[in-house]
Amino acid sequence: KGMAPPQRILFPPEKICMDWQQRQRAGAGLHNLGNTCFLNSVLQCLTYTPPLANYLLSREHSQSCRQQGFCMMCIMEAHVNKVLHSSASAIQPWTVVSVLTRIGEHFQLGMQEDAHEFLHYTVDAMQRACLSGSSDLDISSQATTIVHQIFGGFLRSRVTCLSCRAVSDSYEAFLDVPLDVKTASSVTAALEDFVKPEQLDGENCFKCSKCDKMVATTKRFTIHHMPKVLTVYLKRFEDFTGRKISKVVEYPEYLDLRPYTSQTAGEPLLYALYAVLVHSGGSCHAGHYFCYTKASNGLWYEMNDASVDGRGIDTVLRQQAYLLFYVR
């Protein structure tokens with residue numbers, strides 16, 4: 001509603017399968033190839049994303065891929081199949097490490113990188129692979145790739161004139177929701193802050209087309225189109241110093257997104273937690289990344305580079321989370 005419909009559907013939404021097609025215990029761990037814990041933990045979170053894993057396990061992408069050279073979807077397909085079908089307790093993720101600079105040209109093997117940034121670049125590279133050969137598409141059509149249909153949503157930014165109450169809406173695509181945790185002690189409190197109207201006046205006045213002059217307004221973000229998989233990024237690193245905000249931020253196993261959407265009336269929009277990426281250490285320049293993921297057998301595992309160990313949900317919910325992954 002309010003957005004232009006896509007001119008082309010790149011992947012039929014009814015073919016996206018949200019529930020695991022095969023049930024098994026957790027797959028292989030990932031050996032650290034020299035400061036690659038950031039990459040290992042992100043890859044494990046993606047590997048246990050049910051709609052993505054189902055698609056990659058079907059090998060449908062590689063069977064029809066026309067891309068010459070680097071294709072992130074083919075690489076992820078090979079990686080996920082290797083992890084989930086391996087009889088070894090851990091594998092070396094060279095499939096991905098060998099293309100690190102193709103994922104993001106500033107990434108260097110041996111350097112500790114930021115896990116959120118790596119996730120962002122990886123999902124972006126997968127999206128580009130799905131758009132290969134169709135670059136002239138409108139923004140609504142670009143959002144119909146399998147990658148965007150899984151991870152992507154749209155935010156609505158609504159500006160309301162405080163003089164005449166005229167409303168102006170704009171929409172932007174997102175692949176994750178960044179939450180400020182400086183003042184919030186839980187994900188739900190941070191989401192409430194995220195959708196709280198912000199008053200724009202003084203230097204930030206806005207030209208109202210109805211009043212035909214600069215006026216004070218309120219601006220409010222809401223989630224307008226729900227993603228199938230919600231990635232929440234807790235902004236734990238301060239912008240200039242890189243110092244870490246190490247406080248406890250509570251997050252639920254089940255999250256109702258309904259109160260943070262453009263249409264707050266209606267059924268709850270429930271999301272279930274399936275992966276938690278943790279950073280331990282004092283700043284973004286140091287420390288260690290590991291994660292907890294829920295395998296297709298419904299059990300939780302701590303994945304710390306090469307080791308994979310079963311854990312209870314109470315342990316999972318007590319972590320200093322950096323990234324949270326929820327599935328609709």
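**Stop 1: salt bridges**

Start with charged pairs. There are seven salt bridges in this predicted model. We will visit three of them.

Select R128 and D124. Their closest N and O atoms are 3.3 Å apart, and the two residues form a salt bridge. Now colour helix 7, residues 115-131. Both partners lie in this helix, four residues apart, which is about one turn.

Next, select D169 and R158. This is another salt bridge, with 2.8 Å between the closest N and O atoms. Here the pair links distant parts of the chain. D169 sits in strand 4 (residues 167-174), R158 in strand 3 (residues 153-161), and eleven residues separate them. D169 is partly exposed, because its relative accessibility is 30%. R158 is partly exposed too, because its value is 29%.

Move on to D193 and K196. They also form a salt bridge, and their closest N and O atoms are 3.4 Å apart. K196 reaches 52%; exposed means over 50%, so K196 counts as exposed.

**Stop 2: the largest pocket**

Clear the selection. Pick M3, F154, H224, H225 and M226. These residues lie nearest the centre of the largest pocket, which is lined by 26 residues. Which elements give two or more residues to this lining? They are helix 9 (146-151), strand 3 and strand 9 (217-225). Highlight strand 9: with three residues, it gives the most to the lining.

Show the surface here. The volume of the largest pocket is about 590 Å³. Then colour its lining by residue type.

**Stop 3**

Now for another opening. The second largest pocket holds about 380 Å³ of space. Select L10, H61, S64, A129 and C130 to find its centre: of the 16 lining residues, these are the closest to it. Two elements to colour are helix 3 (60-64) and helix 7, which each give two or more residues to the lining. Helix 3 gives the most, with three residues. By type, the lining of the second largest pocket divides into seven nonpolar, six polar and three charged residues.

**Stop 4: the nonpolar cores**

Hide the surface and look inside. Select M72, M73, F118 and L277. Within the largest nonpolar core, which has 63 residues, these have the most contacts.

Zoom in on M72. What does M72 touch, leaving aside its neighbours within four places in sequence? Its contacts are V96, I103, T122, A125, M126 and A129. A129 was also on your list at the second largest pocket, among the residues closest to its centre.

Last, select V187, F194, L257 and A321. They belong to a second, separate core of 34 residues.

**Before you close the viewer**

Which strand gives the most to the lining of the largest pocket? That is strand 9. How many residues make up the largest nonpolar core? There are 63.

Conventions: Residues numbered from 1 in each chain as written. Predicted model: local features only at pLDDT ≥ 70, side-chain atom pairs only at ≥ 80, totals over all residues. Heavy atoms only, no water. Salt bridge = Lys/Arg side-chain N within 4 Å of Asp/Glu carboxyl O. Buried < 20%, exposed > 50% of the residue type's maximum accessible area, 1.4 Å probe, protein only. 1 Å grid on protein atoms, 1.4 Å probe; cavity = no way out; pocket = protein on both sides within 12 Å on 5 of 7 lines; lining within 4 Å. Points joined across faces, edges and corners; volume = space filled by probe spheres on them. Nonpolar A, V, L, I, M, F, W, Y, C, P; charged D, E, K, R; others polar. Core = buried A, V, L, I, M, F, W, Y, C linked by side-chain atoms within 4.5 Å. Contact = heavy atoms within 4.5 Å.
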